[in-house]
Amino acid sequence: MGKPYSVLVVDDHPLLRRGICQLITSDSDFTLFGEAGTGLDALSAIEESEPDIVLLDLNMKGMTGLDTLNGLRQEGVTSRIVILTVSDAKQDVIRLVRAGADGYLLKDTEPDLLLEKLKKAMQGHRVISESVENYLYELKDATDEQVWIDNLTPRELQILQLVAQGKSNRTISEQLHISEGTVKVHVKNLLRKANAKSRTEMAVRYLNQ
């Protein structure tokens, strides 16, 4: 493998955070981007540059993992965001995955398995701990096509409509007076939210809803 994946560890328990950081640096496929004890620290840690993975605790004081996840996605952060938590509550799993988490792992995961799951996340897989995996089937059954569209920001919806008209990133950027890079980030987030592999698949799902 080439360059190691950089990881930002966000957890409000110093002892646990240190343990996770040590685990990350023990594998040559990973490098520690940094650590943060609060959601706000996490947001300011990635102002300049983004890590490949954000490993995010759910139950933190102040800004929760869900708030932090929403904050990161609103900032247009394209890092893989994997939740690492003690909570195996169904509503937590569904809520976080809906909000755009790329994974949901429990803190009792074996260290080697955790590292393996993070590598899988970097290969584009959604990684979920086995004991809570079944909840996602309910998520698929319970959500109709409309749900992902309801969860879009006004800007994302605007871009989705233009993508559905077959417009290129460059055309969209000129039309909305935003940079092409910003359009790319939005399209990437839209594909993830729509759970679509391509712009075409996403456009078809939008037009058929």
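Visitor: Which residue does UniProt list for "modified residue: 4-aspartylphosphate"?

Guide: The unreviewed UniProt entry lists D57; such annotations may be inferred rather than shown by experiment, feature names are shortened, and positions follow the numbering used here. This is a predicted model, in which local features need pLDDT of at least 70 and side-chain atom pairs count only at pLDDT 80 or more, while totals for chains, interfaces and linings use all residues. Residues are numbered from 1 along each chain as its sequence is written, and side-chain values use heavy atoms, leaving out hydrogens and water.

Visitor: Is D57 buried or exposed?

Guide: Buried means under 20% relative accessible area, exposed over 50%, and partly exposed in between (1.4 Å probe, protein chains only). D57 has a relative accessible area of 4%, so D57 is buried. D57 is found in the loop between β3 (53-56) and α3 (65-74); helices (H or I, at least four residues) and strands (E, at least two) are DSSP runs, numbered from the N terminus.

Visitor: Which residues does D57 touch?

Guide: Contact means heavy atoms within 4.5 Å. Not counting residues up to four places away in sequence, D57 touches V10, D11, D12, H13, G65, L84, T85 and K107.
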